[in-house]
Amino acid sequence: MRKSWDEYFMEITEMVATRSTCDRAFVGCVLVNRDNRIVSTGYNGSVTGNPHCCDVGHTIRDGHCIATIHAEMNALLYCAKEGISVKGCRAYVTHFPCLNCTKALIQAGISAIYYKEAYRVDDYALELIRKNDVLLKQID
């Protein structure tokens, strides 16, 4: 049986996550346009040109690795760097986005967020998603 678009993109997102260089969480993000074309991918890892957590260890502050750029931000920042619009795109993410990534996805014009794992779901992120009419769906 043929996979749905959601299943297809979530499987790709899980593959993207295998490139993560911060082993505290292997997170992947895929941004998809209205025509079901992938416009960007991202995984959590260090700033370009800096050592990876998996090689040198973590830089922890307030329980978070501050050396890591989240997968959603990496996907969005690639588009910003290359001049690619994400307005109206859907985001597929292995984990529910943190509050800062949720804000960035909304601000960039993402119309829907699909996620697999309900990891640290933030109440204010949920409120922002509702207030901004962003579709939110968990995919098993």
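Contact, as the word is used in these legends, means heavy atoms within 4.5 Å. The model shown is predicted, so local features need pLDDT of at least 70 and side-chain atom pairs count only at pLDDT 80 or more, while totals for chains, interfaces and linings use all residues. Residues are numbered from 1 along each chain as its sequence is written, and side-chain values use heavy atoms, with hydrogens and water left out.

View 1. Leaving aside its neighbours within four places in sequence, T68 is in contact with C22, N44, G45 and C53. T68 belongs to strand β6, residues 68–69; here and below, helices (H or I, at least four residues) and strands (E, at least two) are DSSP runs, numbered from the N terminus. T68 has a relative accessible area of 12% and is therefore buried, since buried means under 20% relative accessible area, exposed over 50%, and partly exposed in between (1.4 Å probe, protein chains only).

**View 2. The five-stranded sheet.** The strands of this open sheet follow the order β2-β1-β7-β8-β9, with mixed pairing, where two strands pair if DSSP finds at least two bridges between them. Because β2 and β9 stand at the edges, each with a single partner strand, one side of each is left without a neighbour in the sheet. From one strand to the next the twist averages 15 degrees; for such angles, axes are lines fitted to C-alpha atoms, for helices over the stretch in contact, and angles run from 0 to 180 degrees between N-to-C directions. Strands β1 and β7 run antiparallel and are joined by four bridges, and V32 has R90 in β7 as its bridge partner. Helix α3 packs on the sheet, where α3 touches β1, β2 and β7, and the direction of α3 makes about 135 degrees with that of β2.

**View 3. The nonpolar cores.** A nonpolar core is a set of buried Ala, Val, Leu, Ile, Met, Phe, Trp, Tyr and Cys residues joined through side-chain atoms within 4.5 Å. The largest one has 24 residues, and L31, V86, L105 and I110 are those with the most contacts inside it. At least two residues of this core come from each of β1 (28–32), α3 (71–82), β7, α4 (99–108), β8 (112–117) and α5 (123–131), and α3 gives the most, with four residues. Another core, of nine residues, lies apart from this one and has V30, V32, Y92 and A112 among its members. When neighbours within four places in sequence are left aside, I110 is in contact with L31, V86, C89, R90, A91, L105 and V134.

**View 4. T94 in strand β7.** T94 lies within β7, which covers residues 90–95, and counts as buried because its relative accessibility is 6%. Apart from neighbours within four places in sequence, the residues in contact with T94 are T13, E14, A17, F26, V27, G28, K116 and E117.

View 5. The structure holds four salt bridges, a salt bridge being a side-chain nitrogen of Lys or Arg within 4 Å of a carboxyl oxygen of Asp or Glu. Between K116 and E14, which form one of them, the closest N and O atoms are 2.5 Å apart. This pair links distant parts of the chain, with K116 in strand β8 and E14 in helix α1, 102 residues apart. K116 is partly exposed, at a relative accessible area of 31%, and E14 also counts as partly exposed, at 29% relative accessibility. K137 forms a salt bridge with D6, with the closest N and O atoms 3.6 Å apart. Because K137 lies in strand β9 and D6 in helix α1 (residues 5–17), the pair ties together parts that are 131 residues apart in sequence. K137 counts as partly exposed at 41% relative accessibility, whereas D6 is buried, with a relative accessible area of 18%.

**View 6. Two loop residues with positive phi.** Although N36 is not a glycine, N36 has a positive phi of about 60 degrees. N36 is placed in the loop between β1 and β2 (38–43) and counts as buried, at 18% relative accessibility. D133, likewise not a glycine, has a positive phi of about 55 degrees. The loop between α5 and β9 (135–138) holds D133, which is exposed, with a relative accessible area of 71%.
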